[in-house]
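Please read the following with the sequence and the model side by side.

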Amino acid sequence: MTSKTYYLIINLIVLFVLSITYSTAQQNYPSTPPAVSPMEMKPEMTEIWEPEVKIITPAKKLGNAPSDAIVLFDGKNLDQWVSQKDTTKPAPWKIINNDHIEVVPGSGGIQTKMKFGDCQLHIEFSAPDEVKDAGQGRGNSGVFFQNRYELQVLDSYNNRTYRNGQAASIYKDHAPLVNAMRSPLEWNTYDVIYTAPRFSDSGELDAPARITVLHNGVLVQNNVTINGLTLYIGLHNYPSAHGDDVISLQDHGNKTQFRNIWIRKL
Ligand code: MG
């Protein structure tokens, strides 16, 4: 026997043994999960009990403040607000029928005394009783989160304007998904979940602000990124780091009305 033939025979034997081993292993490999796992799981192993979830009382009527909300305006007074022109002065807007407030054009915006970061806000608004002017001139106001980022308030009922400037837009940043505006004689609701921007210790932007908005119960902003400080002219950005800040309502020269304002810190 030549050495070449010898090696060929050895190789054939090795291949034969390997193929038997492989087919035996295949036969032994289970095709279904084992009946008993290495550690037997019990229902309680995936139950978390402590600490107990805080109990609050929701409002009897959807849209009203739950027990853990801070009521910012309930028709009685503007004690939670001050003038933006002079923050040592009371908010200069008019309370009507112990029900709602109306912007007093020219008096300036109003802002909360308290400062907020992440929050859930409920606010109701109505276009002025008298429908006049068009575009950005009709029922314009705005809710500014952290005194910087504007959720637009406008009478967008039969009133075209630029899409990222109509009601429920993040002004000049994101158009709303749909126009859910009611007629000027009806009240609208905004329900907002706002996440403040995060900054590093050195003042760099770690994460931009995010916002979700329901307009009259309809999702119009779905956890969108706020691209920065609201500007009328120019691209939005984050010029400087900041912490919690006030919520402000804009005086844009129109008699826009607000009622039932409450907030929950998140
Ligand atoms: Mg505005």
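Ile123 touches Val143, Tyr190, Phe258 and Ile261, leaving aside residues up to four places away in sequence. The model in which these contacts are found is a predicted one. Ile123, Val143 and Phe258 are among the residues with the most contacts inside the largest nonpolar core, which has 40 residues; Val192, Ile211 and Val213 are also on that list. In soluble globular proteins, nonpolar side chains tend to be buried together. At least two residues of this core come from each of β1 (70-73), β2 (81-83), β6 (119-126), β7 (141-145), β8 (149-153), β9 (188-195), β12 and β15 (257-265).

The chain as a whole gives the setting. The protein chain contains 1 helix and 15 strands. Of its 266 residues, 30% count as buried. Among contacts in the protein chain with a separation of 6 or more, 61% are between residues 24 or more positions apart.

β6 and β9 run antiparallel and are joined by 7 bridges, and Glu124 has Thr189 in β9 as its bridge partner. Which residues of β9 lie on its covered face, and which on its uncovered one? Asn188, Tyr190, Val192 and Tyr194 make up the covered face, while Thr189, Asp191, Ile193 and Thr195 make up the uncovered face. Tyr190, on the covered face, is one of the residues touched by Ile123.

β9 also pairs with β12, in the antiparallel sense and over 6 bridges. Here Tyr194 has Ile211 in β12 as its bridge partner. From β12 (residues 210-215) the pairing continues to β13 (residues 218-225), again antiparallel, with 5 bridges. Val213 stands opposite Gln221 in β13. The hairpin of β12 and β13 has 2 residues between the strands, and Asn216 takes a positive phi near 55° there.

A further set of strands includes β7. An open sheet of 5 strands has the order β2-β5-β14-β7-β8, with antiparallel pairing. β2 and β8 stand at the edges with a single partner strand each, so one side of each has no neighbour in the sheet. Within this sheet, β7 pairs with β14 (residues 248-249) over 2 bridges, in the antiparallel sense. The bridge partner of Val143 in β14 is Leu249. Val143 is also touched by Ile123.

Two sites remain. Lys115 is in the loop between β5 (110-112) and β6. Is Lys115 buried or partly exposed? Lys115 is partly exposed, because 13 other C-beta atoms lie within 10 Å. Its contacts, not counting residues up to four places away in sequence, are Asp244, Asp245 and Val246. Lys115 and Lys265 are 150 residues apart along the chain, yet their C-alpha atoms are separated by 10.0 Å.

Phe199 belongs to strand β10 (residues 198-199). Phe199 has 16 C-beta neighbours inside 10 Å and therefore counts as partly exposed. Not counting residues up to four places away in sequence, Phe199 touches Glu204, Leu205, Asp206 and Ala241. Phe199 and Gly243 are 44 residues apart in sequence, and the distance between them is 8.7 Å, C-alpha to C-alpha.

Key. Residues are numbered from 1 along each chain as its sequence is written. This is a predicted model: local features need pLDDT of at least 70, side-chain atom pairs count only at pLDDT 80 or more; totals for chains, interfaces and linings use all residues. Two strands pair if DSSP finds at least two bridges between them. Helices (H or I, at least four residues) and strands (E, at least two) are DSSP runs, numbered from the N terminus. A nonpolar core is a set of buried Ala, Val, Leu, Ile, Met, Phe, Trp, Tyr and Cys residues joined through C-beta atoms within 7 Å. A residue is buried if 20 or more other C-beta atoms lie within 10 Å of its own, exposed if 12 or fewer, and partly exposed in between; C-beta atoms are placed from the backbone. Two residues are in contact if their C-beta atoms, placed from the backbone, lie within 7 Å.
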